Amino acid sequence: MKPKDFFDLAKKNNAEMIDLKFVDMLGTWQHCSYPLEEWDEGTFADGVGFDGSSIRGWQAINMSDMLAIPEAATARIDPFFKEPTISVIANIVDPITRQEYSRDPRHIARKGVAYLKQTGIADTAYIGPEPEFFIFDDVRYKSGMNGQMYEVDSSEAAWNTAKAQGATLDSIVPNLASKIAAKGGYFPVSPQDTLGDIRAEMVNTMRKIGIVVEAHHHEVATAGQCEIDMKFQELVKMGDQMMWYKYIIKNVARRHGKTATFMPKPIFEDNGSGMHTHFSLWKGSQPLFAGEKYAGMSDLALNAIGGVLKHARAILAFAAPTTNSYKRLVPGFEAPVNLAMSQRNRSASVRIPMYSSSPKAKRFEFRCPDPSCNPYLNFTAILMAALDGIQNKIDPGEPLDRDIYEMSPEELAKTNKTPGSLEEALCALEDDHAFLLKGDVFTEDVIETWINWKREKEIDPMRLRPHPFEFALYYDN
């Protein structure tokens, strides 16, 4: 789509407003809206100015002026504004040098794809994420000097079997039972699954803006855990789609008087939300991961897996980027913490799906990421690790094809594990990031900024706060 096509699309849909969107360092969309007549085709070259010092992790106040350059090909009719509005995603540039901004996550993803092509190994990285999320009816939280608390609720939650559901002026609202048990939410039909119609509305909204959806269903956890699966796309496009995905899910939930979250572990003693990420490389129309080796994979594919396993602890600083992420990545619970590959075995961090023997279906699935991540940074980090594995012919090691619950502690100790905390992941990134710097894809400045932000704004504040469970443990000591 060219700038002229952008204005034709706006006219066709009677749009009189433009909504400009871009992503901050942590993976949240920012936006500003403009009357249509304020833009012309030159805006797609000149951009629009904004204050970069107000965006998390970006410029200092003495260098705050920045430009957002809209990319016409990303234009969509926004489904949530009352007045017809055309949305467009922007890339960020320095207004003086006109150089693309090194801390713009979308720019990093675009550089990753450019570097992939430069290597000659492949020209397309396909990404297929499986984001999980919760839809709640009520969420309350507080963080103050004299109190820390949270409470979430869902009408279908296991803890509500004895709850009075409320009352009207005329009658008591009955509790109709059919709650979902803890860890009992995978694929139930209604009336246990109460969210099928809302998910269908989310899917249809995605389809209207061009996102291809393969399936939707309730997930394992009680209290409204769901999953909607998109068809794989090339890396940058999937980064854009993930931003739309979150935006659509949150806004459709709100439309129904509910709230959606991509927080990895909002529920104690039940499954958290992951984002298993499928990955493959293609050259032209040729898939590169099919072969005659383990699980029908090629040497190139196994080396790519080797790179991801070697660098997984560092990747997780971007792929599981919150303190809450490591309440999901816990040995012995639902998430994969064993840094090994396997066909079919979901306790391994890299699984090779075996549903199809078609060469086009050959891929690996990295199971550690969660949907709190910035998708552009997560997908690009996985790509850079896979390329490093291919370039250096890294052996992925022996597959983990056994049931881990039948393995002895001594056997399990031989398998490398994911970090136990965000701090461990950041330390791994500090020690192991040369693979990310190739092709100037990531920069030392980006990595240093990311690590400093996470430590100063998230880890240190968490350390300073008493936890509610500490009162249960220690108050009467």
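**Packing of two helix pairs**

In this predicted model, helix α3 (residues 105-119) packs against helix α7 (residues 375-391) at an angle of about 20°, the two axes lying 9 Å apart, where axes are lines fitted to C-alpha atoms over the stretch in contact and angles run from 0 to 180 degrees between N-to-C directions. Helices are DSSP runs (H or I, at least four residues) numbered from the N terminus. α3 and α7 are therefore roughly parallel to each other, a term that covers angles under 35 degrees. The crossing of α3 past α7 is left-handed, that is, the near helix is turned anticlockwise from the far one by less than a right angle. In contact (heavy atoms within 4.5 Å) are Pro105, Arg106, Ile108, Ala109, Gly112, Val113, Tyr115, Leu116 and Thr119 of α3 with Tyr376, Leu377, Thr380, Leu383, Met384, Leu387 and Gln391 of α7. By class, this contact has eleven nonpolar, four polar and one charged residues, with Ala, Val, Leu, Ile, Met, Phe, Trp, Tyr, Cys and Pro counted as nonpolar, Asp, Glu, Lys and Arg as charged, and the others, Gly among them, as polar.

For helix α6 (residues 299-319) and helix α9 (residues 422-431), the axes come within 7 Å and cross at roughly 120°. Arg313, Ala314, Leu316, Ala317 and Phe318 of α6 meet Glu424, Ala425, Leu426, Ala428 and Leu429 of α9, a contact with eight nonpolar, no polar and two charged residues.

Residues are numbered from 1 along each chain as its sequence is written, and side-chain values use heavy atoms, with hydrogens and water left out. Local features need pLDDT of at least 70 and side-chain atom pairs count only at pLDDT 80 or more, whereas totals for chains, interfaces and linings use all residues.

Technical notes: Parallel < 35°, antiparallel > 145°, perpendicular 65-115°, else oblique.
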